[in-house]
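Student: I would like to learn how to read a protein model, one feature at a time. Could you walk me through this one?

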Amino acid sequence: SGDQFFRGDFTAGDLKLAVTTTVLPPEAVSVGGEQIEATVVKFDQVVTGEYTGSRTETFWWGEDGVLLRYSIDSSLRGPTNLDFVAEQTLTSLTPQV
């Protein structure tokens, strides 16, 4: 498919994370009615330790480095179960005061 993959493991406290980073094909993101071409990068994480499960985060960045869109899908089991899905998209390129 032409996607680029990068893999690595790291530790955060007592948690071990196996992360696969995938650079996906560019996509347009609608921001304030304007279509902005974005670089798309997805991080798939497998978590083990006190919590176990998976988490996927995807970021859409504009060419100027502005985060245009973000999504997360996380399901972790441990002392407290943490399940959530979130999606955020920038609504304007004009800074608000």
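Tutor: Buried means under 20% relative accessible area, exposed over 50%, and partly exposed in between, with a 1.4 Å probe and protein chains only. This is a predicted model, in which local features need pLDDT of at least 70, side-chain atom pairs count only at pLDDT 80 or more, and totals for chains, interfaces and linings use all residues. Residues are numbered from 1 along each chain as its sequence is written, and side-chain values use heavy atoms, with hydrogens and water left out.

Student: Which residues does valine 29 touch, not counting residues up to four places away in sequence?

Tutor: Contact means heavy atoms within 4.5 Å. Valine 29 touches Glu34, Gln35, Ile36, Ala38, Trp60, Leu68, Arg69 and Thr89, with residues up to four places away in sequence not counted.

Student: How do I read a nonpolar core, and which residues make up the largest one?

Tutor: In soluble globular proteins, nonpolar side chains tend to be buried together. A nonpolar core is a set of buried Ala, Val, Leu, Ile, Met, Phe, Trp, Tyr and Cys residues joined through side-chain atoms within 4.5 Å. Here the largest has seven residues: Val29, Val31, Ile36, Ala38, Val40, Trp60 and Leu68. At least two residues of this core come from each of strand 2 (15-31) and strand 3 (34-48), and strand 3 gives the most, with three residues. A second, separate core has five residues, including Leu17, Val19, Tyr51 and Leu76.

Student: How many helices and strands does the protein have?

Tutor: Helices (H or I, at least four residues) and strands (E, at least two) are DSSP runs, numbered from the N terminus. The protein has zero helices and six strands, so along the sequence the pattern reads β-β-β-β-β-β.

Student: Is phenylalanine 5 buried, exposed or partly exposed?

Tutor: Phenylalanine 5, in strand 1 (residues 4-12), is partly exposed, with a relative accessible area of 47%. Apart from residues up to four places away in sequence, phenylalanine 5 touches Thr20, Thr21 and Thr22. Of these, threonine 20 has its place in strand 2. Leaving aside neighbours within four places in sequence, threonine 20 is in contact with Phe5, Phe6, Arg7, Lys42, Phe43 and Asp44.

Student: What about serine 74: buried or exposed?

Tutor: Serine 74 is buried, with a relative accessible area of 2%, and lies in strand 5 (residues 67-77). Beyond its neighbours within four places in sequence, serine 74 is in contact with Ser54, Arg55, Leu82, Asp83 and Phe84.

Student: And how do I judge the overall shape?

Tutor: A compact globule of 97 residues would have a value near 13 Å, but the protein has 16 Å. Along its principal axes, the C-alpha trace spans about 45 × 35 × 20 Å. Buried residues make up 26% of the 97 residues.

Conventions. Rg over C-alpha atoms; globule rule 2.2 N^0.38 Å.
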